[in-house]
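Welcome, and thanks for taking a look at this structure with us.

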Amino acid sequence: MKFETANFLSVAWEAGAAAGTLIREHWQKPKSIDYKGAIDLVTSVDRECERRIVEVLRNHFPNHSILAEEETDWVGTQSHHRWIIDPLDGTTNFAHSYPQFCVSIALECDGEVILGLVYDPLRGECFKAVKGEGATLNGGSIRISGVKELDKALLATGFPYDQRERADFYLSFFKAFMTRSQGIRRNGSAALDLCYVACGRVDGFWELKLRPWDTAAGALIVEEAGGKLSDLSGNRFSIWGEETLASNGAIHDEMVNAALAATVPRNSLTQS
Ligand code: IPD
Ligand code: CA
Ligand code: CA
């Protein structure tokens with residue numbers, strides 16, 4: 001690994017660990033909660049995690065750009081590098097003291113994600129990937145599962161914050177996968193869901209309307225662990241797009257076909 005990349009990774013870890021410590025200290029305490037939407041929460045810990053991460057990154061890389069979920073959209077004077085951060089992925093879980101959430105930090109260079117780190121502070125699990133150099137969990141190399149058929153697959157998914165308004169649309173995908181797989185888990189942290197694809201705990205994952213901070217780190221970790229990403233029609237995946245389908249590769253086409261069999265029309269995705 002180049003010295004510069006190793007430095008990026010060690011600073012990402014310093015930032016992620018600072019946020020992780022705060023999350024660990026607070027997860028079982030009463031939370032101060034604001035509402036961004038009817039069911040879209042943000043806690044004071046989300047915001048404080050973001051401040052701590054941004055502070056560490058700015059100390060080390062004052063010229064880099066930073067895009068983070070809650071408060072930060074900073075364009076640095078050196079425009080090649082941009083950090084993309086979800087300070088606390090799994091806020092609804094965190095707010096309920098349900099133990100499944102993480103910190104997600106990615107680094108883009110000229111628009112390409114080159115590094116990803118996802119840290120689960122309760123389990124002490126840190127997933128990392130560097131473009132072209134593989135993916136790790138706590139330093140050990142990870143690979144996607146060897147499951148060959150959707151029929152034998154365990155899947156994960158999540159629902160966007162407009163789930164009340166568009167329940168039929170999202171449930172049509174759920175039904176399509178439910179009737180073709182061994183089971184589906186809804187764990188509440190998309191970044192961890194992607195990492196679970198990467199290390200073979202689940203064989204595939206889909207979700208609609210994720211944001212770049214949900215997927216930037218996890219998608220690279222999946223790719224570097226040998227997995228595959230696309231949209232729900234099998235087209236090229238983008239962290240800026242509205243559809244995420246991640247798998248171990250072997251079941252990818254079957255997952256695309258299942259998604260295409262969902263019965264509620266796809267154009268309802270763009271209706272408000
Ligand atoms: C959410 C989580 C959840 C997913 C939502 C995301 P947040 O992120 O990743 O699993 O289903 O779509 O928005 O709001 O907890 O950072
Ligand atoms: Ca998130
Ligand atoms: Ca978040």
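## Around the calcium ions

D89 and D214 are both buried. Please keep in mind that the model is a predicted one. D89 is in strand β5 while D214 is in helix α6, so the pair ties together parts that are 125 residues apart in sequence.

Which residues coordinate the calcium ion (ligand 3)? The donors are E69 (OE), D86 (OD), D86 (OD) and L88 (O), at 2.2 to 3.2 Å. Their spacing along the chain reads E-x16-D-x1-L.

D86 bridges the calcium ion (ligand 3) and the calcium ion (ligand 2), and the two ions lie 3.7 Å apart. Is D86 buried or exposed? With a relative accessibility of 1%, D86 counts as buried, because buried means under 20% relative accessible area. E69, at 22%, is partly exposed.

## Helices side by side and a helix inside

Now follow the chain to its helices. How do α1 and α2 run relative to each other? The axes of helix α1 (residues 3–26) and helix α2 (residues 44–60) come within 9 Å and cross at roughly 160 degrees. Angles over 145 degrees count as roughly antiparallel, and α1 and α2 are therefore roughly antiparallel to each other. The crossing in which α1 passes α2 is right-handed.

On the α1 side, the contact is made by V11, E14, A15, A18, A19, L22, I23 and H26. Facing them from α2 are V45, E48, C49, R52, I53, V56, L57 and H60. Sorted by class, this contact of α1 with α2 has eleven nonpolar, two polar and three charged residues.

Helix α5 (residues 190–198) has a setting worth a look. Nine of its nine residues are buried, so α5 is largely enclosed by the rest of the structure. The buried residues are A190, A191, L192, D193, L194, C195, Y196, V197 and A198. After α5 comes G200, which has a positive phi near 80 degrees.

## Backbone angles in two loops

Most residues other than glycine have a negative phi. S97 is not a glycine, yet its phi is positive, about 55 degrees. The loop that holds S97 runs between α3 (91–95) and β6 (102–109). K209 is not a glycine either, and has a positive phi of about 65 degrees. K209 is found in the loop between β13 (204–208) and α6 (212–224), and α6 is the helix that also holds D214.

| Residue | Phi | Relative accessible area |
|---|---|---|
| S97 | about 55 degrees | 27%, partly exposed |
| K209 | about 65 degrees | 28%, partly exposed |

L41 is in strand β2 (residues 41–43) and counts as buried, at 10% relative accessibility. What does L41 touch, not counting residues up to four places away in sequence? Its contacts are I33, D34, Y35, K36, T91, T92 and A95. L41 and P30 are eleven residues apart in sequence, and their C-alpha atoms are 14 Å apart in space.

L122 is located in the loop between β7 (112–120) and β8 (125–130). At 30% relative accessible area, L122 is partly exposed. Leaving aside neighbours within four places in sequence, L122 is in contact with R24, W27, P99 and F101. W27 is 95 residues away from L122 along the chain, and the C-alpha atoms of L122 and W27 are separated by 9.2 Å.

Methods
Residues are numbered from 1 along each chain as its sequence is written. Chains are lettered from A and ligands numbered from 1 in the order in which they are written. This is a predicted model: local features need pLDDT of at least 70, side-chain atom pairs count only at pLDDT 80 or more; totals for chains, interfaces and linings use all residues. Side-chain values use heavy atoms; hydrogens and water are left out. Donors are N, O and S atoms within 2.8 Å of the metal (3.2 Å for Na, K and Ca); water is not among the atoms, so sites may look incomplete. Buried means under 20% relative accessible area, exposed over 50%, partly exposed in between (1.4 Å probe, protein chains only). Axes are lines fitted to C-alpha atoms, for helices over the stretch in contact, and angles run from 0 to 180 degrees between N-to-C directions. Helices (H or I, at least four residues) and strands (E, at least two) are DSSP runs, numbered from the N terminus. Angles under 35 degrees count as roughly parallel, over 145 as roughly antiparallel, 65 to 115 as roughly perpendicular and the rest as oblique. A crossing is left-handed if the near helix is turned anticlockwise from the far one by less than a right angle, and right-handed if clockwise. Contact means heavy atoms within 4.5 Å. Ala, Val, Leu, Ile, Met, Phe, Trp, Tyr, Cys and Pro count as nonpolar, Asp, Glu, Lys and Arg as charged, and the others, Gly among them, as polar.
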